[in-house]
Amino acid sequence: MSTRTFKFEALSRVEGEGSVTLKTREGELAGVQLRIFEPPRFFEAFLVDRSHDEVPDITSRICGICPIAYQTSSATAFESLFGIRLDPMVRELRRLIYAGEWIESHALHVHMLHAPDFLGYEDAVKMAAGEPEAVKRGLRMKKVGNAIMTLVGGREIHPINIRVGGFYAAPTKDALLTLRDSLQAALDDAVLSARWVSGFDFPDFDPVTEYVSMRNGTEYPIFEGRLVSTDGLDIALSEFGEHFQEFQEQHAHALHCTHVGFGPYQVGPLARYNLNRQLLTPVARQIADELKLGERVTNPFKSILVRAVETIYAIEESLRIIDGYEQPSKPCAEYRPVAGVAHGCSEAPRGMCYHRYEVTASGMIAKAQIVPPTSQNQARIERDLREWIPGILHLPEDKLRWKVEQAVRNYDPCISCATHFLRLKIEEV
C-alpha cells in the first residue's frame, strides 16, 4: 500500500504561522490537517483577576489587524451585563470605527493577499508590476480605513479610545468631516475594485455549508443582535454555549468549534451576506446585483467578491455616520458593575468574535472565554480542503500547493487570533 504525505509549511499571505498537511493512500486523499504552530498566548488566563475596564485594551492586543473587534465584543459584553445604554451618537462612533477596520482589513486582503492567487502572482509586490492601479487602489482604501481608526480611536494599531460605556473622548463634527473627501474617493475606488475582482476565474466549487452571523434586522451586522444561521438557528448571545462547542484537535494549538448536532460552520463575509443581504447600503446592493451575486453565495472562492462588496458598504456607512454626526455631550455613560455573566459579540472582518466573562460584584474577571472567527472556521476550512483536493490531487506538487493555499486564503484566516486557546496539561511520570 503506497502512502504519501504533502507538507505545505509556512502558509504565505495569512496573518500568523500555520501549515497544511495532506496524506494520501493509494492515490486517494486520506487526511487533511490545518496545523497551527504559532505559540499560544493565554489571553483568557491572564484576564482572570483583572478589572473589567482593562479588558478592551488587553484583548485588542490579540490582533493588530482587527483590534476593534476584540475591544467592541468585550465592551458590549460588559455594557449588556451592567445595563449601560449608549448615547445614539456614541453608538454611531462605534459603528464608524468598526467600519474603518472593515475597510482597512478587506482592502488589504482583497488586493494584497488574495488577488495574487487568481492572477498567478507570487505576492502583491510582483503583482504591482502587472496590476499597478489595482495595488494603488488597495493601498488608498487601506489608508482611509486607518485614518478613521486613528481619528476615532487615537491610533490605527491597537486604538486606545474605546472603553466600557463608550469612548474616553469624542471627536468633533469638523474633525470627522476632514475624512469625507477621502471616503468619497475611496467609494469610487471600491466600486472599481469590485468590478476588477469580478473578472477573476473562479473554480466551480459549492460545498454544502451552514453559515452563521449576527442579525438585528435593521442594519447590516457589525455589533448588537442575535445569532442566526442558514439552517434555522436564531438565538440570543447568551445561548452561544448551548449550541456551539469547542474541542481540541491534536494537530493544532487552537480549539476548533462546531455547531452541536450540525457540525462545522462558516462565519465571515459569506455568512453576513447570505443572512443580511437585504440590509446592504444602496451602492453595495447595486454592485452585488451588477456582479450577479444573487441572494446567496456558497462558493468560498467568491468570498473575495463579497469582501469587495462589504468594503463598499463600510465606506457608505462611514459617510452616512459622518453626515449625521453631532458630538455627544458625554463620550461615556456612567455605570456601576454588577456580578453576573457577560456575553458580547461583534462581526470582525473575518467573522463573528464571541466573548464571555464571569464578573464579580466589584467588576473583576473570574473567568474569560474568547472564540475568534478563525477558530470557528478551522473545521470548515479542513472540510473544504477534503472536498476540494480530490479533484486537484493529480496536479504537480507546486501547483497543488498553490491551490491549497488559495482555498485557505478564502477565509482570510488570522491564525494569530486563534492561538490563545491551548489547554496545557502536564503529567508527571
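Q: Why is Ser73 counted as buried in this predicted model?
A: Ser73 has a relative accessibility of 0%, and buried means under 20%, so Ser73 counts as buried. This serine lies in helix 3, which covers residues 67–82.

Q: What makes the pairing of the side chains of Ser73 and Ser346 a polar contact?
A: The side chains of Ser73 and Ser346 are joined at 2.8 Å, and a polar contact asks for N or O atoms within 3.5 Å, so the pair qualifies. A polar atom of the Ser73 side chain also lies 2.9 Å from the backbone oxygen of Cys353. Leaving aside neighbours within four places in sequence, Ser73 is in contact with Gly344, Cys345, Ser346, Cys353 and His355.

Q: Why is Cys345 called buried?
A: The relative accessibility of Cys345 is 2%, and the limit for buried is under 20%, so Cys345 counts as buried. Cys332, at 16%, counts as buried by that limit too.

Q: How do you know that Cys345 is in no disulfide?
A: The nearest cysteine sulfur to that of Cys345 belongs to Cys353 and is 7.1 Å away, whereas a disulfide needs two cysteine sulfur atoms within 2.5 Å, so Cys345 is in no disulfide. The structure as a whole holds 0 disulfides.

Q: How do you know that the span of helix 12 agrees with its number of residues?
A: Helix 12, residues 303–324, has 22 residues and should span 32 Å at 1.5 Å a residue; its end C-alpha atoms are 31 Å apart, which agrees. Helix 12 is also mostly covered, with 19 of its 22 residues buried.

Notes: Residues numbered from 1 in each chain as written. Predicted model: local features only at pLDDT ≥ 70, side-chain atom pairs only at ≥ 80, totals over all residues. Heavy atoms only, no water. Helix = DSSP H or I, 4+ residues; strand = E, 2+ residues; numbered from the N terminus. Expected span 1.5 Å × (residues − 1). Buried < 20%, exposed > 50% of the residue type's maximum accessible area, 1.4 Å probe, protein only. Polar contact = N/O pair within 3.5 Å; in protein donor to acceptor, adjacent residues only side chain to side chain. Contact = heavy atoms within 4.5 Å.
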